[in-house]
Amino acid sequence: MEETVVKTAEKVNELETVWSTKDLIMGGLAYTVMGILIVFMILIIIMLVIKAMALFSGEKKPKAVAPVQTPAQPVVETVENKTDDTELIAVITAAIAVMTEQSTSDFVVRSYKKISGGAWNKAGRREMLENKF
């Protein structure tokens, strides 16, 4: 009986493999690379399925829109009040010159029209409220 126990213990010791640090690292790297490859293969399959769905859905791609060209001379709206607002017109001229990257001698602001309830008014109010709180 003791002989069988000793033989069994010897067989167990023979079957036990001692893993070195190098073997453990290489095994871990192999599993990592295999996992990454599987993930990317699944992502490629999903991409192909989505492209196939787009082909079979019959939706047309939107056509490219030609870029809108701005006129050489900026259009400025007319004045309702004929008051002397030279400082305001100078500020408007400077702002247009900065935005269009042109010299102020390239155009002339002859008049302006105040628009109530415009987008800039709303944006200014919203900004003031956000900064207040």
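On one side of helix α3, Glu87, Val91, Val98 and Met99 are exposed, where exposed means over 50% relative accessible area, buried means under 20%, and partly exposed lies in between (1.4 Å probe, protein chains only). I start there and come back to the rest of the chain later.

First, the source. This is a predicted model, in which local features need pLDDT of at least 70, side-chain atom pairs count only at pLDDT 80 or more, and totals for chains, interfaces and linings use all residues. Residues are numbered from 1 along each chain as its sequence is written, and side-chain values use heavy atoms, with hydrogens and water left out.

Back to α3. This helix covers residues 86–100, which is 15 residues, and its first and last C-alpha atoms are 21 Å apart, close to the 21 Å expected at 1.5 Å a residue. The expected span is 1.5 Å times one less than the number of residues. Which residues of α3 are buried? They are Thr93, Ile96 and Ala97. Down the axis of α3 these buried residues fall within an arc of 100°, so they line one face of the helix. The arc is taken from the directions that run from the helix axis to the C-beta atoms. As background, an α-helix has 3.6 residues a turn, so residues three or four places apart point the same way.

Take threonine 93, which lies in helix α3. Its relative accessible area is 13%, so threonine 93 counts as buried. What does threonine 93 contact, leaving aside its neighbours within four places in sequence? The partners are Thr104, Phe107 and Val109, with contact meaning heavy atoms within 4.5 Å.

After α3 comes glutamate 101, in the loop between α3 and α4. Is glutamate 101 buried or exposed? At 73% relative accessibility, glutamate 101 is exposed.

Now the other helices. Helix α2 has 37 residues and reaches 54 Å from first C-alpha to last, close to the 54 Å expected. Just after α2, glycine 58 has a positive phi of about 85°. Helix α4, residues 119–132, reaches 20 Å with its 14 residues, close to the 20 Å expected. How many residues of α4 are buried? The count is zero, and α4 is hardly covered.

For the chain as a whole, buried residues make up 7% of the 133 residues. Among contacts with a separation of 6 or more, 56% join residues 24 or more positions apart.

Last, confidence. The mean pLDDT is 77, and 70% of the residues reach 70 or more; pLDDT is the predictor's confidence in each residue, from 0 to 100. Where is confidence lowest, and where highest? It is lowest in helix α1, residues 2–15, at a mean of 68, and highest in helix α2, residues 21–57, at 93. Where pLDDT is low, the predicted coordinates should not be read in detail.

Methods: Helices (H or I, at least four residues) and strands (E, at least two) are DSSP runs, numbered from the N terminus.
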